[in-house]
Amino acid sequence: MRWRLLAVGAVAIGLGMATRLVNQLERAIGGTRDDRQRHVGQSAVVVLSYTMQADGMPTPVLEARIGAAVQLASHQRLALVFSGGSLPPHRPDSSSDAKLMCVFSLRCYSAQMRRVRRRRLEVTSQNTRENALFTLALLRDVQPRLQALHVVTSRFHARRACRAFEVAAAQVWSSSLQIFCSPVPEPTSAALDAPSGSCRRSCGMHQHAALLVEVVWLCAREIGGLAKYRALGWI
């Protein structure tokens, strides 16, 4: 029993050290910009989609994004845009990521969602560039006096996403629109064990380790995404 406790303690310490290293990696790739405390008159929030599970539930990475976006929109009573189409292979019911994110938010963050000014769905984008173009086109039509847009995404993705929105805003928006970057740190095991609105996700050490591995892979993939977007002039 003593050796088992020592082993568990060693694993917990190792996971803690790995988490700090992954957080540093995220900041190196995604940048340190954080505009969550910035406010202007007419604003809105957009949360960018990520992989959904086969049952239509968000992965931990996406759930962290959704929770942060709902909190921001409800606290400031802003409109909230869920952005994301259905990536191939398309789901049998043709549900977009945006629709599934909205359904999850209404179920798991029902109290906070009642304080959100409006809910909007952008259901056709297939990548970060299209997230920006299609979201801005939607808001230009329904909220033309918008002054600022908070872009909520994972920290590792924030540099590319926020810059893509700034470049797209210069092309799509007829007047000056401020883009506020709201990066979301990846969830830790403690965060995953905590209640998410009215939902609860349990997370053991093996799930925490798997999440860290996933984030490292996403950071590595993001390097290629940054290079591609720079080469194409999208950021």
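What you're looking at is a predicted model, where local features need pLDDT of at least 70, side-chain atom pairs count only at pLDDT 80 or more, and totals for chains, interfaces and linings use all residues. Residues are numbered from 1 along each chain as its sequence is written, and side-chain values use heavy atoms, with hydrogens and water left out.

The chain has eight helices and seven strands; these are DSSP runs numbered from the N terminus, with helices being H or I of at least four residues and strands E of at least two. Of its 235 residues, 48% are buried, meaning under 20% relative accessible area with a 1.4 Å probe, protein chains only.

## The sheet

Five strands form an open sheet in the order β3-β2-β1-β4-β5, and the pairing is parallel. Two strands count as paired if DSSP finds at least two bridges between them. At the edges sit β3 (119-122) and β5 (178-184), each pairing on one side only. From one strand to the next, the twist averages 25°.

## Strand β1, wrapped up

How many residues of β1 are buried? Six of the six are, so β1 is largely enclosed by the rest of the structure. In a regular strand, side chains alternate between the two faces of the sheet. Here Ser43, Val45 and Val47 cover one side, while Ala44, Val46 and Leu48 are on the other.

β1 runs parallel to β4, joined by five bridges, and Val46 is partnered with Val151 in β4. Five bridges also join β1 to β2, where Val47 stands opposite Phe82.

## Helices on the sheet

Helix α2 (residues 60-76) lies across β1 (43-48), β2, β4 (148-154) and β5, running at about 155° to β4. Angles like this one go from 0 to 180 degrees between N-to-C directions, with axes fitted to C-alpha atoms, for helices over the stretch in contact. Helix α5 (residues 128-142) packs on the sheet too, touching β1, β2, β3 and β4; touching here means contact, with heavy atoms within 4.5 Å.

## α5 meets α6

α5 also packs against helix α6 (residues 155-172) at an angle of about 45°, with their axes 8 Å apart. The two are therefore oblique to each other, a label for angles that are not under 35 degrees (roughly parallel), over 145 (roughly antiparallel) or 65 to 115 (roughly perpendicular). Among the residues that meet are Leu133 and Leu136 in α5, and Ala161 and Phe165 in α6.

Key:
Buried means under 20% relative accessible area, exposed over 50%, partly exposed in between (1.4 Å probe, protein chains only).
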